[in-house]
Amino acid sequence: MISFVDPLVTNYTVVDFRNKATALIEDIFARGKIPIVVGGTNYYVESLLWKVLVNTKSPKVDTEQVVDQKVELEKEDSHVLHSRLRQVDPEMAAKLHPHDKRKVARSLQVFEETGVSHSEFLHRQHSEEGGSPLGGPLKFPNPCILWLHADQTVLDERLDKRVDDMLAAGLLEELRDFHRRYNQRNSSENSQDYQHGIFQSIGFKEFHEYLITEGKCTPETSTQLLKKGIEALKQVTKRYARKQNRWVKNRFLSRPGPRAPPVYGLEVSDISKWEDSVFEPALDIVQSFIEGHEPAATPVRIPYNETENKRSYHVCDLCDRIIIGDREWAAHVKSKSHLHQLKKRRLASDAVSTTKSQTTASDCDIEPKEHGSPGQNDPDLKRST
């Protein structure tokens with residue numbers, strides 16, 4: 001979206017992207033060509049492949065002029081929002097964590113702008129021919145998906161190197177210029193927003209402290225803040241890559257239904273084998289699709305677990321947490337934090353039990369005594385005397 005959306009527009013959404021990109025795809029098809037989508041954020045790619053989004057904006061309304069209802073909703077307290085959602089769409093409220101303000105606000109926005117609950121929209125999509133529990137049918141027939149994947153260690157090293165290369169290519173100068181033109185006034189007023197628009201992109205908030213203190217602190221402090229920003233950028237980049245891989249596995253590879261498009265995996269760990277492992281197989285797969293027959297390569301598939309509920313609602317009283325999803329709940333009960341809380345409760349319970357036992361034993365050992373000297377009431381002593 002760089003170069004065609006104004007950096008200060010904060011209400012440009014995946015729906016806007018889908019509408020713009022879909023128009024381009026249809027134009028390419030109309031000219032007898034094959035569109036190639038390269039990405040990127042898989043959430044946005046998925047919006048082009050399947051009918052999975054709910055459009056609440058009028059296509060005639062200018063994105064830059066309209067007030068974003070969702071942004072306004074997100075200014076409210078998360079628990080207040082979740083309570084409002086429970087009243088108008090209890091089904092969706094049961095699937096969303098109260099702290100997931102963005103999704104809660106989105107569901108409220110759908111209802112307030114259309115009068116139809118978000119869950120009802122999704123039910124309609126799922127019930128369409130070709131729909132599935134993950135969304136509606138395919139938007140375009142016969143898509144071909146190529147997934148380039150690498151060993152995690154190799155990928156992490158590449159991502160670290162990419163950050164270093166970006167810095168060498170002038171990333172800091174670009175950030176300084178962008179900060180000076182678009183974010184400096186907000187930062188001085190402490191009203192910067194790293195949750196919407198372009199500022200939520202990876203690379204901005206990681207260097208916030210460095211940018212706002214540059215020239216106002218000692219060189220040593222500035223250097224430390226710069227190192228902190230670089231390390232944070234590397235960590236969040238690797239974390240995001242893992243998230244994208246999980247998205248591919250959960251939403252593409254294990255998508256249920258007979259009409260799920262094939263996904264062909266291409267191993268890119270060893271780039272010295274690029275021609276044999278990536279380029280030639282990809283060329284053969286694409287050529288087969290163009291000619292209308294099955295390629296020699298076998299698509300990657302992960303069985304869809306129909307018993308797993310990704311939106312089930314769990315409450316952990318022990319940790320005072322709400323967990324959404326069967327898999328997340330299973331992971332939580334095995335997590336260090338949960339086991340630590342469980343151990344603390346057991347120790348506390350054992351301590352209470354021990355204290356009660358000791359108190360009971362002490363009560364049994366105590367006999368009533370009358371005032372007087374030792375042995376005064378002992379009958380044997382009396383007889384002896």
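This is a predicted model: local features need pLDDT of at least 70, side-chain atom pairs count only at pLDDT 80 or more; totals for chains, interfaces and linings use all residues.

Biologist: Where is the place of P281?

Modeller: By that numbering, look at the stretch covering residues 274-291. P281 falls in that run, which is helix α12.

Biologist: Is P281 buried, exposed or partly exposed?

Modeller: Buried would need under 20% relative accessible area, and exposed over 50%. P281 has 24%, so P281 is partly exposed.

Biologist: Which residues is P281 in contact with, leaving aside its neighbours within four places in sequence?

Modeller: As a bit of context, G265 is 16 residues from P281 in sequence, and their C-alpha atoms are 9.8 Å apart. With the neighbours within four places set aside, the contacts of P281 are L266, E275 and D276.

Biologist: Over to the helices α4 and α6: how are they oriented to each other?

Modeller: Helix α4 covers residues 78-88 and helix α6 covers residues 101-114. Their axes come within 9 Å and cross at roughly 40°. Angles under 35 degrees would count as roughly parallel, and 65 to 115 as roughly perpendicular. The two helices are therefore oblique.

Biologist: What is the handedness of the crossing where α4 passes α6, and which residues of α6 make the contact?

Modeller: The crossing is left-handed. On the α4 side, the contact is made by S78, L81, H82, R84, L85 and V88. By class, the contact has seven nonpolar, three polar and three charged residues. The α6 side consists of K101, V104, A105, S107, L108, F111 and E112.

Biologist: Why do the buried residues of α4 line one face of the helix, and within what arc do they fall?

Modeller: The buried residues in α4 are S78, L81, H82 and L85. Seen down the helix axis, they line one face because they fall within an arc of 95°.

Biologist: Is N142 buried or exposed?

Modeller: N142 lies in the loop between α7 (118-127) and β1 (145-149). N142 isn't a glycine, yet has a positive phi of about 55°. The relative accessible area of N142 is 54%, and over 50% counts as exposed. So N142 is exposed.

Biologist: Last one: how many of the 385 residues of the chain count as buried, as a percentage?

Modeller: The chain has 15 helices and four strands. Among contacts between residues at least 6 apart in sequence, 64% join residues at least 24 apart. The buried share of the chain is 34%.

Methods
Residues are numbered from 1 along each chain as its sequence is written. Side-chain values use heavy atoms; hydrogens and water are left out. Buried means under 20% relative accessible area, exposed over 50%, partly exposed in between (1.4 Å probe, protein chains only). Axes are lines fitted to C-alpha atoms, for helices over the stretch in contact, and angles run from 0 to 180 degrees between N-to-C directions. Angles under 35 degrees count as roughly parallel, over 145 as roughly antiparallel, 65 to 115 as roughly perpendicular and the rest as oblique. A crossing is left-handed if the near helix is turned anticlockwise from the far one by less than a right angle, and right-handed if clockwise. Contact means heavy atoms within 4.5 Å. Ala, Val, Leu, Ile, Met, Phe, Trp, Tyr, Cys and Pro count as nonpolar, Asp, Glu, Lys and Arg as charged, and the others, Gly among them, as polar. The arc is that of the directions from the helix axis to the C-beta atoms.
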